[in-house]
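Here is a short briefing on a predicted model.

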Amino acid sequence: MIRFTVNGERLETDVAADTPLLWFLRDNLQLTGTKYGCGIALCGSCTVHVNGEPVRACVTPLSALEGKRVTTIEEIGKTPVGKKVQDAWLAEDVVQCGYCQSGQIMAAAALLTKTKSPSDKEIDEAMNGVICRCGTYNRIRAAIKVAAGPAFAPVKPAVKVKA
Ligand code: FES
Ligand code: FES
C-alpha cells in the first residue's frame, strides 16, 4: 500500500508500485490535464509537482511517492503563484495547440515559487526541458514576466482617442 496526497486529497493505493504516476493520474484518478507526450522524460508535457518540485510524471513510479504531495494542473490555479501564471497565460495568449501547456504552466509555477523575478537566463534554464512543437517560447517567456509582477509587464502602446 502506498500513501500520498494528490491535489490535497489523501489517498492510499495498492496499484503496482512500479506504475508511473502519469498513468495513475490519468487512468485511476481521471486527472487527464497532465499529458502524455514521449513517455521517456524528454518532452516535459507530463510535468507535475511533487513536494513543490517539478517532476516528470511519466518516469516517476508510485513507489517514489510515499508520504509525498503531488500537485497537478487541475489544482495549480488554486495557489497564488499558479493563479498568476494562468492569468498571465491568458493575457499573453500563449497557447497554440495546447499540447505542451500543462507542462509549461507547471514548470513556470515551480520557477516563480522559488524565484520571484527571474532573469531571461533563469527562465530559459527552468523552461528549456519542456518542448513546445508550436514554438510558443517567446510568449511563454513574456507571460512568465507578466506573472512575476508589474515591473515586467509589457508596455502597452498608447491608444489614440478621437476628439
Ligand atoms: S511524457 Fe513525460 S517527459 Fe514526455
Ligand atoms: S502549444 Fe502546441 S506544442 Fe506547445
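Sorted by class, the lining of the largest pocket holds four nonpolar, seven polar and two charged residues. The volume of this largest pocket is about 200 Å³. The model is predicted, and the lining totals use all residues.

**Largest pocket**

- The lining of the largest pocket is made up of 13 residues.
- His49, Arg69, Thr71, Ile76 and Thr79 are the lining residues that lie nearest the centre of this pocket.
- Three elements each supply at least two residues of the lining: β5 (69–71), α2 (73–76) and α4 (101–114).

**Second largest pocket**

- The second largest pocket has a volume of about 150 Å³.
- Its lining consists of Gly52, Glu53, Pro54, Ala107, Ala110, Leu111, Thr113, Lys114, Thr115 and Ala126.
- Two or more of these lining residues come from β4 (53–56), and two or more from α4.
- α4 gives the largest share of the lining, with five residues.
- By class, the lining of the second largest pocket counts five nonpolar, three polar and two charged residues.

**The sheet**

- Five strands form an open sheet in the order β2-β1-β5-β3-β4. The pairing is mixed.
- β2 (9–13) and β4 are the edge strands, and each pairs on one side only.
- On average, neighbouring strands of this sheet are turned by 35 degrees against each other, direction ignored.
- α4 lies across β3 (47–50), β4 and β5. The helix α4 runs at about 35 degrees to β3.

**Strand β1 and its partners**

- β1 covers residues 2–6 and runs parallel to β5. Two bridges join β1 and β5.
- Thr5 stands opposite Arg69 in β5. Arg69 is also one of the residues nearest the centre of the largest pocket.
- β1 and β2 run antiparallel and are joined by five bridges.
- Arg3 stands opposite Glu12 in β2.
- The hairpin of β1 and β2 has two residues between the strands. In this hairpin, Asn7 takes a positive phi near 50 degrees.
- Why is β1 largely enclosed by the rest of the structure? Four of the five residues of β1 are buried, so the strand is largely enclosed.
- In a regular strand, side chains alternate between the two faces of the sheet.

Key. Residues are numbered from 1 along each chain as its sequence is written. Chains are lettered from A and ligands numbered from 1 in the order in which they are written. This is a predicted model: local features need pLDDT of at least 70, side-chain atom pairs count only at pLDDT 80 or more; totals for chains, interfaces and linings use all residues. Side-chain values use heavy atoms; hydrogens and water are left out. On a 1 Å grid over the protein atoms alone, a cavity is a set of points where a 1.4 Å probe fits but cannot get out, and a pocket is an open set with protein on both sides within 12 Å along at least five of seven lines; lining residues have an atom within 4 Å of a point. Grid points are joined across faces, edges and corners, and a volume is the space filled by probe spheres set on the points. Ala, Val, Leu, Ile, Met, Phe, Trp, Tyr, Cys and Pro count as nonpolar, Asp, Glu, Lys and Arg as charged, and the others, Gly among them, as polar. Two strands pair if DSSP finds at least two bridges between them. Axes are lines fitted to C-alpha atoms, for helices over the stretch in contact, and angles run from 0 to 180 degrees between N-to-C directions. Contact means heavy atoms within 4.5 Å. Buried means under 20% relative accessible area, exposed over 50%, partly exposed in between (1.4 Å probe, protein chains only).
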